[in-house]
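Subject: Structure for your review

Dear colleague,

Please find below the structure that I am handing over to you. My findings follow it.

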Amino acid sequence: MTMPEMLAAHAAAEAQSAGATYRARAFGAALMLVSLLGMGFFLSQSVKAAGYVADKGTVTVSECRTHRTVSHRTREETSCTGVFRSAGGRTVRDDAELTGYYVPGEKVRVYREASDYSLVSLRAFWGWLCLVFFCLVLFSRGLVSVVVGVRAAAFHELLAAQQMLKRTPFADYVKWLVLVGCAGLALCVLLAAVSP
């Protein structure tokens, strides 16, 4: 290989490396944006699951049915119907449908959005909050890609990206985002498991 060919190959490699850096940073920015949107959505759902919503009440279960869905595999899903009564008693609807099995006559705390009924419970609250903390961990992963410019897909690449991150002023921020995200996720999973 002659000297001009070597210089041309080196310039092409540098251009390809710069393109990969821009793609990695764009990937990181997109991941940060998606995780922020996810955090906002999941946080609003967790607030609703805690009962801080306008149209909440109870569904008195009248009957339950098991539906079999046949596609590439058979799946059974149980749904129950009943009467929704708002907390103030002003709204009564007899078309309420819940997913899951409940005993006929059981009163289930729910909130209503349009024609959908969702549970109001601590377990649902902690479940939605788990997803908020998971999105926080994803946000920190996107921040690493933006700051370092490397999209680490394998474990050894992630370790190299962490070493590169330590040379930037963002290292402590990313460390605390990951620690808070992982600790919050673990705590929420534990609380969701023991909540009624």
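A crossing of two helices is called left-handed if the near helix is turned anticlockwise from the far one by less than a right angle, and right-handed if clockwise. By that convention, helix 2 and helix 4 cross in the left-handed sense. Please keep in mind that this is a predicted model.

Helix pair

Helix 2 covers residues 122-148 and helix 4 covers residues 171-194. Their axes lie 8 Å apart, and the two helices pack at an angle of about 160°. Angles over 145 degrees count as roughly antiparallel, and helix 2 and helix 4 are therefore roughly antiparallel to each other. The residues in the contact of helix 2 with helix 4 comprise 21 nonpolar, four polar and one charged.

The model contains an open sheet of five strands, whose order is 3-2-1-4-5 and whose pairing is antiparallel. Strand 3 and strand 5 are the edge strands, as each of them pairs on one side only. From one strand to the next, the twist averages 45°.

On one side of this order, strand 2 and strand 3 (residues 92-99) run antiparallel and are joined by six bridges. Within this pair, G82 has A96 of strand 3 as its bridge partner, and T81 stands opposite E97 of strand 3. As background, side chains in a regular strand alternate between the two faces of the sheet. Strand 2 and strand 3 form a hairpin with five residues between the strands, in which G89 adopts a positive phi near 85°.

Strand 4 (residues 107-113) and strand 5 (residues 116-119) also pair in the antiparallel sense, here over four bridges. Y111 is found opposite S118 of strand 5. These two strands form a hairpin as well, with two residues between them. In its turn, A114 has a positive phi of about 55°.

Cysteines

How many disulfides does the model contain? The count comes to one, taking a disulfide as a pair of cysteine sulfur atoms within 2.5 Å. The disulfide joins C64 to C80, with an S to S distance of 1.9 Å. The link of C64 and C80 is right-handed, with 100° about the S-S bond. C64 counts as partly exposed, at 22% relative accessibility, whereas C80 counts as buried, at 2%.

C135 is buried, with a relative accessible area of 6%.

C182 counts as partly exposed, at 41% relative accessibility.

With kind regards

How values were computed
Residues are numbered from 1 along each chain as its sequence is written. This is a predicted model: local features need pLDDT of at least 70, side-chain atom pairs count only at pLDDT 80 or more; totals for chains, interfaces and linings use all residues. Side-chain values use heavy atoms; hydrogens and water are left out. Two strands pair if DSSP finds at least two bridges between them. Buried means under 20% relative accessible area, exposed over 50%, partly exposed in between (1.4 Å probe, protein chains only). Axes are lines fitted to C-alpha atoms, for helices over the stretch in contact, and angles run from 0 to 180 degrees between N-to-C directions. Angles under 35 degrees count as roughly parallel, over 145 as roughly antiparallel, 65 to 115 as roughly perpendicular and the rest as oblique. Ala, Val, Leu, Ile, Met, Phe, Trp, Tyr, Cys and Pro count as nonpolar, Asp, Glu, Lys and Arg as charged, and the others, Gly among them, as polar.
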